[in-house]
Amino acid sequence: METRALGRQGLRVSAMGLGCMGMSDFYGVAQEADAIRVIHRALELGITLLDTADIYGPFTNEELVGRAIRDRRDRVILATKFGNVRKPDGTFVGVDGRPEYVKQACDASLKRLGVDRIDLYYQHRVDPNVPIEDTVGAMGDLVKAGKVRWLGLSEAAPATIRRAHATHPITALQTEYSLWSRDPEDEILPTVRELGIGFVAYSPLGRGFLTGRFRKPEDLPEGDWRRGHPRFVGENFEKNLRLVERMKAFADRKGSTPSQMALAWVLAQGDDIVPIPGTKHVRYLEENVGALRFSLDADELRELDEIAPKGATAGARYPEGGMKSINR
């Protein structure tokens with residue numbers, strides 16, 4: 001497994017990580033035994049970066065990950081997040097970046113994960129009511145206390161990233177990035193590269209759409225959050241399906257799957273980028289890791305740019321409420 005550096009503070013991780021959210025929430029729920037098999041197989045394949053958050057479940061995904069790595073903690077770079085607040089029944093409360101909450105959230109995550117230190121601790125969403133210097137200052141205190149090794153932000157705006165990094169070195173920024181979500185290319189990627197911050201790409205398979213497995217909205221399970229996602233409904237679904245069909249034709253010529261080509265494209269955007277596709281199935285995990293076998297030359301990258309140019313995707317990245325919480 002190739003490794004890549006995230007930031008300039010000494011963190012190296014596998015070139016591809018594993019997003020664990022879907023094992024507990026939003027995309028239906030996996031059987032725990034199946035989810036743990038996926039995590040264990042990921043470690044066998046050389047994946048070191050596991051990504052979770054306190055709101056996934058809520059709370060139960062951290063517990064699941066903690067149980068899965070209990071006897072193999074030394075093989076894992078463990079990343080989790082705080083800031084999006086949910087009640088135990090799943091109701092979203094809002095975003096909290098207050099220093100006292102930062103420390104409470106960290107202690108709660110440590111307990112659920114069953115560890116004494118989090119490797120990479122992200123602010124999941126920026127709290128517009130709390131200066132980023134105050135939030136990141138409290139996160140820095142966690143580093144000094146030995147509870148956290150490296151700090152990250154998620155879906156933060158360029159100006160916020162700069163202010164945060166001036167307060168305490170930021171190791172990684174996590175933001176959605178894929179062939180159908182190319183917004184970071186405008187300002188986010190240039191900013192983090194200037195500052196020496198690594199980039200973690202979540203939803204690199206377009207929340208599963210780029211796999212080509214969904215031919216109609218009804219293919220999504222009942223209760224799946226994506227059934228209400230702007231890119232998965234009505235005319236948007238049909239327009240985006242045509243994009244995926246062009247990708248599939250490209251992948252067929254390469255002797256790969258659409259998933260592998262979508263991931264190979266993200267990997268080719270820079271060795272400071274680490275995608276974290278999620279899955280609940282070992283066979284899809286192995287397929288995703290297979291993307292590392294493929295390289296794309298300049299002509300192939302140009303062809304993919306023509307297939308999925310910036311702005312080609314129909315629909316917003318989130319429903320209206322979610323869009324208000326990003327790029328702060």
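In this predicted model, strand β7 supplies the largest share of the lining of the largest pocket, three residues. β7 spans residues 92–95. The largest pocket has a volume of about 1100 Å³. It is lined by 46 residues, and those closest to its centre are M21, F26, Y27, S203 and R207.

The strands come next. An open sheet contains eight strands in the order β3-β4-β5-β8-β9-β10-β11-β12, and the pairing is parallel. β3 (18–19) and β12 stand at the edges. Each has a single partner strand, so one side of each is left without a neighbour in the sheet. For β12, pairing with β11 (residues 198–202) is parallel and runs over three bridges. Within this pair, F199 stands opposite I273 of β12.

β1 and β2 pair in another sense. Strand β1 covers residues 3–6 and strand β2 covers residues 11–14. They pair in the antiparallel sense over four bridges. R4 has V13 of β2 as its bridge partner. The two strands form a hairpin with four residues between them. In the turn, G7 has a positive phi of about 75 degrees.

The nonpolar interior was examined next. In soluble globular proteins, nonpolar side chains tend to be buried together. The largest nonpolar core has 84 residues. L18, I39, L153, I161, L173 and F199 touch the most other members of this core. A second, separate core has 16 residues, including I77, Y122, V200 and I326.

F199 links several of these features. Beyond its neighbours within four places in sequence, F199 is in contact with a set of residues that includes L6, L173, T175 and Y177.

Where does D272 lie? D272 is found in the loop between α8 (258–267) and β12 (273–275). Is D272 buried or exposed? The relative accessible area of D272 is 16%. Buried means under 20%, so D272 counts as buried. Leaving aside neighbours within four places in sequence, D272 is in contact with A5, L6, R193, G198 and F199.

In α9, the buried residues are Y284, L285, E287, N288 and V289. The elements that cover them include β3, α1 (32–44) and α8.

H165 and L195 are 30 residues apart in sequence, yet their C-alpha atoms are 8.0 Å apart in space. L195 is in contact with H165. Leaving aside neighbours within four places in sequence, H165 also contacts I170 and I197.

Methods. Residues are numbered from 1 along each chain as its sequence is written. This is a predicted model: local features need pLDDT of at least 70, side-chain atom pairs count only at pLDDT 80 or more; totals for chains, interfaces and linings use all residues. Side-chain values use heavy atoms; hydrogens and water are left out. On a 1 Å grid over the protein atoms alone, a cavity is a set of points where a 1.4 Å probe fits but cannot get out, and a pocket is an open set with protein on both sides within 12 Å along at least five of seven lines; lining residues have an atom within 4 Å of a point. Grid points are joined across faces, edges and corners, and a volume is the space filled by probe spheres set on the points. Buried means under 20% relative accessible area, exposed over 50%, partly exposed in between (1.4 Å probe, protein chains only). Contact means heavy atoms within 4.5 Å. A nonpolar core is a set of buried Ala, Val, Leu, Ile, Met, Phe, Trp, Tyr and Cys residues joined through side-chain atoms within 4.5 Å. Two strands pair if DSSP finds at least two bridges between them.
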